[in-house]
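Here are some notes to read with the model open beside you. Take the points one by one and find each residue as you go.

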Amino acid sequence: MALSPIRARLALRANRLVDNGFICRRCLHQQTVPSPAARQTPYLDAFRKPGHYRIPPSARYTSSSALPSASPLGALSSSFGDASSALASRAANTTRTSSFPTTSSKSAAYWLLASAASVFGIVVLGGLTRLTESGLSIVEWRPVTGSFPPLNDEDWEREFSLYKLSPEFKMLNSRMGLEEYKQIYWMEWGHRLWGRVVGITFLLPTAYFIARRKVSAPMAARLVGICGLIGFQGFLGWWMVKSGLKDDLFAPGSHPRVSQYRLAAHLGTAFAAYLAMLWNGLAILRQHRLLANPTASLAQLSHLSSPALKSFRIATAVLFGLTYCTAISGALVAGLDAGLVYNDFPWMGQPRFIPPKSELLSTWYSHTPSPHPDLIWRNMLENPAFVQLDHRILATTTFISIMGLWAYSRRLTLPRPVQKGVAGVVGYVSLQVIMGITTLWYLVPTPLAAAHQAGALALLSGVLVLGSRVRVSKRTIRLVQDAASKAGQVGKRGPEAMMKARMTGV
């Protein structure tokens, strides 16, 4: 009896499965390679010959019971064996260069953004700690046991007795009682505890994401670098506090305060850790958004990479550096209490816009004999009047630069997100200038000063977000190009090729 057309089509489809190499990856390692003799059947060989799609007479059977290998299940079983041998040999000759994925998980991006928000909060709390002069209330550095506050009266007396030995208590707070000490103690203890929480909540998830291969190899290296930055930040915190506990670090006639250099380093490192978390979190989310529709994303990336926007990208990078320097100069102002020197704007001793030269370049700040080679830089970094002037000049330059960038952006054809980013930066800098001037006029009140410091970090965030919308890494561009190329090939080859790509993972 001749083979029915239905069975012939099923057999032909089974033969295609052999060529497509459909096989379960888990079963791949359990299959044995069949011998060449077992793989040569007259029925399947007839279909392997090009141009022959009819069953030869020798392969026809007169009884359905004598056709076990020509049944659909028999053909599929033999095709699985052939495909397993082909894929096994292919897998044996293929070596993976890396076990990390090409794209990082979205959960890693959300965790990075949450960590950045936590760092933003601790920066604000650190500013309040400095403004309330609470930073020197704990005179010991105990990374582990210091996580627990005093639990009884004996512990409180011990902490207070240690504080009484500090220069700050002897020179400023000699009349302070235990209850007043508790207020400044809780502020500093909360700041240190929050720092420990930031370190733990970043280190442990970093180990998890890397161990479970949920981030790409470059992102794994960046996360390890941020962990190192957080640890270094903790060291800088104690190094800064230590500068306020030694009498030999104070200038004659000054009251106990931490070194403005160490304060700037501590704040600058916190800013760097925050910005790294924010940048990488946004980068992961943007990479997923671009890969969701790679064909349309190529047009967007081509527009952003055009020579017409090159000057805008460079201006954004320069603006970010200028904003960061302005924020660090604010740390020098805070460390020297330079905001209390001249409390008017735009004048510095009306009707002057700039203090007299004798005040700006005072030889009192020089540490070397005449001709005082360190006169200029010492005054720029240690003279409160000069430090405030520096901050005013940098802040004014930043404001003018942002307004100039906004005016320049009006002449360009920018994507809608970039236009929103420019408008947001203009709003941030306007609010920041208003808060800075108001803080001077009202003699640096604690709420305004803390808001001004938070505004500096918010402005930096706005400039960073703007930069992330106009700059795309080469690696992301390459991934989008590869994804668009694969999508184009599948579209040209039709649904059958798409099914094969899904089966084989190609």
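1. Let's start with Arg-469, which is partly exposed at a relative accessible area of 31% (buried means under 20%, exposed over 50%, partly exposed in between, with a 1.4 Å probe and protein chains only). Arg-469 sits in helix α18, residues 446-470 (helices are DSSP runs of H or I, at least four residues, numbered from the N terminus). Before going on: this is a predicted model, where local features need pLDDT of at least 70, side-chain atom pairs count only at pLDDT 80 or more, and totals for chains, interfaces and linings use all residues. Residues are numbered from 1 along each chain as its sequence is written, and side-chain values use heavy atoms, leaving out hydrogens and water.

2. Phe-235 belongs to helix α10, residues 217-243.

3. Now the salt bridges (a side-chain nitrogen of Lys or Arg within 4 Å of a carboxyl oxygen of Asp or Glu): a search of the whole structure turns up eight. Take Glu-140: its bridge to Arg-142 has the closest N and O atoms 2.3 Å apart, and its bridge to Arg-158 has them 3.4 Å apart. Arg-158 lies in helix α7 (153-164) and Glu-140 in the loop between α6 and α7, so this pair ties together parts 18 residues apart in sequence. Partly exposed describes Glu-140 at 25%, Arg-142 at 22% and Arg-158 at 41%.

4. Arg-378 and Glu-382 make another salt bridge, at 2.7 Å between the closest N and O atoms. Both are in helix α15 (375-382), four residues apart, or about one turn. An α-helix has 3.6 residues a turn, so residues three or four places apart point the same way. Buried or exposed? Arg-378 is buried at 16%, and Glu-382 counts as buried at 12%. Back among the bridges that share partners, Glu-140, Arg-142, Arg-158 and Glu-159 are joined into one network.

5. Last, helix α9: its 34 residues (178-211) should span 50 Å, and the end C-alpha atoms are 48 Å apart, which agrees (expected span is 1.5 Å times one less than the number of residues). After α9 comes Arg-213, with a positive phi near 55°.

Methods: Helix = DSSP H or I, 4+ residues; strand = E, 2+ residues; numbered from the N terminus.
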